[in-house]
Amino acid sequence: MIEVDARGVVEFTQALVRIPSTNDPAKGRSELPAAELVAARMREWGWEPVVYEAAPGRPNVVAVVEGGGGDGPTLMFEGHTDVVTEGDLSTWTVDPFGGEIRDGRLWGRGSADMKSGLAAALYATRALQLAGPFPGRIKVCALADEEGLMIGAHHFVEQGLAADVDGAVVAEPEAGEICAVAKGALRLRVDLTGKMAHGAMPQHGRNPIQAVGTLLVALRGLQEELQGRHPAHEHLGEVYVTPTVVSAGTEEQVNVIPATASVFVDVRTIPGVDHKEVTDTVAALAAADGITAEVTVLVDRPPVDVPLDTPVVAALAAAHRDVTGEDPVYGGVPGSTDGTVLTHWGGVPSVVYGPGGKWIAHQADEYVEVDEIVRCTRVFAETARRFLNGELS
Ligand SMILES: [Zn+2]
């Protein structure tokens with residue numbers, strides 16, 4: 001087994017958690033100081049990180065660690081440096097940016113999602129490097145804005161940095177499950193335009209609010225139709241079509257038929273569901289007599305479905321078995337991750353695996369088990385060794 005710096009990876013996670021790297025310009029916060037800490041640690045180890053500005057003040061940090069052991073594939077470890085807001089402080093019983101360790105747990109915002117995973121990726125790569133030459137190379141990437149529009153991952157792919165990557169491990173908290181599938185997300189805005197009129201003379205107008213009602217009922221039907229055609233996925237569950245925002249008219253104008261109305265729809269998909277087809281269907285359902293409907297795609301992240309015999313998944317499963325002595329448990333990611341971007345737009349097979357519970361992310365009193373950080377670092381080191389040497393079973 002490759003020896004890892006157990007103390008180092010835990011202390012580095014603490015140091016990362018102590019940086020409030022939410023994206024909040026009003027508070028003067030961004031990923032920048034967390035990215036700088038990552039880059040500094042890489043330089044201490046003699047790596048040569050390159051910093052790319054995904055957006056002003058929002059850096060991606062990428063270091064390529066050559067194994068020096070001859071030709072071989074390129075493995076990518078990916079983590080994000082941003083965290084979601086701590087929210088209402090009164091709901092926390094610990095300092096969200098204290099990085100405190102108590103009861104065998106490391107507490108704080110980002111401890112699970114995903115500063116421990118990012119630290120594990122760095123320390124695993126360092127451990128493999130110190131263990132001697134290896135074939136190929138490891139690209140260690142700390143990207144910006146996963147919790148937002150994933151501009152970091154998109155920028156990474158647009159810069160061509162995914163082109164030479166043969167497999168990616170995304171270190172999101174998945175409670176030790178190996179997640180090679182992820183749900184898709186499609187967010188649509190439907191704008192309905194009718195004709196404004198006085199409430200006393202509705203016959204002179206065309207009411208988009210009634211079209212909203214028709215559309216909401218039709219969306220429920222669409223969900224049933226999709227669920228019927230695409231049975232629940234064993235790791236991802238059902239397809240959902242959920243209206244989340246409806247707006248039309250104003251309280252001050254109860255005697256006016258408004259000209260416009262909008263419906264926002266959050267669609268969660270499983271492999272096999274075609275986002276373009278769903279978008280076209282929503283547009284067709286929204287069109288009503290005398291009302292024009294325009295559908296805008298706000299977010300389009302397709303589902304991920306990487307076969308389990310793909311080298312990066314197989315190497316991870318074997319490494320998990322080596323380190324934990326237990327059979328791997330396969331699961332699915334309920335939302336999208338940077339892995340969605342890497343796989344769909346970058347053409348890189350990705351798998352999500354990392355320390356921390358699936359459900360603790362984004363909650364108050366977020367924590368990660370200290371033992372789990374160290375165990376994951378070992379699994380990552382062993383994954384890299386197996387993947388780069390082609391020892392996949
Ligand atoms: Zn995350």
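These notebook entries record what I looked up in a predicted model.

**Entry 1. Nonpolar cores**

The largest nonpolar core has 81 residues. Val38, Leu122, Phe156 and Phe380 are the members with the most contacts inside it. I then took Phe156 and set aside its neighbours within four places in sequence. Its remaining contacts are Asn60, Val62, Met76, Lys139, Cys141, Leu143, Leu161, Ala162 and Leu342. Another core, of 24 residues, lies apart from the largest one. Leu186, Val239, Val241 and Ala261 are among the residues of this other core. I note for context that nonpolar side chains tend to be buried together in soluble globular proteins.

**Entry 2. Helix α1 against α9**

Next I looked up the packing of α1, which spans residues 6-17, on α9, which spans residues 370-389. Their axes are 9 Å apart and the angle is about 120°. The crossing of the two helices is right-handed. From α1, the residues in the contact are Ala6, Val9, Val10 and Thr13. They meet Val370, Ile373, Val374 and Thr377 of α9. The spacing along each helix recalls a general point: an α-helix has 3.6 residues a turn, so residues three or four places apart point the same way.

**Entry 3. Helix α1 against α2**

Helix α1 also packs on α2, residues 32-44, with the axes coming within 9 Å and crossing at roughly 150°. I class α1 as roughly antiparallel to α2, because the angle is over 145 degrees. This crossing, too, is right-handed. Phe12, Ala15 and Leu16 represent α1 in the contact. Ala34, Leu37, Val38 and Arg41 represent α2. The contact of α1 with α2 has 6 nonpolar residues, no polar ones and 1 charged. I note that Val38 of α2 was also listed among the residues with the most contacts inside the largest core.

**Entry 4. Helix α5 against α6**

I then examined α5, residues 208-229, and α6, which pack at about 150° with their axes 10 Å apart. The crossing of α5 and α6 is right-handed. On the α5 side the contact is made by Leu215, Ala218, Leu219, Leu222, Leu226 and Arg229. On the α6 side it is made by Glu277, Val278, Thr281, Val282, Leu285 and Ala286. I recorded 9 nonpolar residues, 1 polar and 2 charged in this contact.

How many of the 20 residues of α3 are buried? I found that 18 of them are, and the helix, residues 111-130, is mostly covered. A cis peptide bond joins Asp113 and Met114, with omega about -10°. Met114 lies in α3. After α3 comes Gly132, with a positive phi near 125°.

As background, most residues other than glycine have a negative phi, and most peptide bonds are trans. I looked up two residues with a positive value. Met150 has a phi near 60° and lies in the loop between β6 (137-143) and α4 (151-158). I count Met150 as buried because its relative accessibility is 1%, under the 20% limit. Ala175 has a positive phi of about 55°, in the loop between β7 (167-170) and β8 (178-182). I count Ala175 as partly exposed because its relative accessible area is 46%.

Is Met1 buried or exposed? I found it exposed, with a relative accessible area of 65%. Met1 belongs to the segment before α1. Leaving aside neighbours within four places in sequence, its contacts are Asp322, Val323 and Glu382. The C-alpha atoms of Met1 and Leu342 are separated by 30 Å, with the two residues 341 places apart along the chain.

Last, I looked up Ala287, in the loop between α6 (275-286) and β14 (292-301). At 49% relative accessibility, Ala287 is partly exposed. Ala287 and Arg301 are 14 residues apart in sequence, and their C-alpha atoms are 25 Å apart in space.

How values were computed: Residues are numbered from 1 along each chain as its sequence is written. This is a predicted model: local features need pLDDT of at least 70, side-chain atom pairs count only at pLDDT 80 or more; totals for chains, interfaces and linings use all residues. Side-chain values use heavy atoms; hydrogens and water are left out. A nonpolar core is a set of buried Ala, Val, Leu, Ile, Met, Phe, Trp, Tyr and Cys residues joined through side-chain atoms within 4.5 Å. Buried means under 20% relative accessible area, exposed over 50%, partly exposed in between (1.4 Å probe, protein chains only). Contact means heavy atoms within 4.5 Å. Axes are lines fitted to C-alpha atoms, for helices over the stretch in contact, and angles run from 0 to 180 degrees between N-to-C directions. Helices (H or I, at least four residues) and strands (E, at least two) are DSSP runs, numbered from the N terminus. A crossing is left-handed if the near helix is turned anticlockwise from the far one by less than a right angle, and right-handed if clockwise. Angles under 35 degrees count as roughly parallel, over 145 as roughly antiparallel, 65 to 115 as roughly perpendicular and the rest as oblique. Ala, Val, Leu, Ile, Met, Phe, Trp, Tyr, Cys and Pro count as nonpolar, Asp, Glu, Lys and Arg as charged, and the others, Gly among them, as polar.
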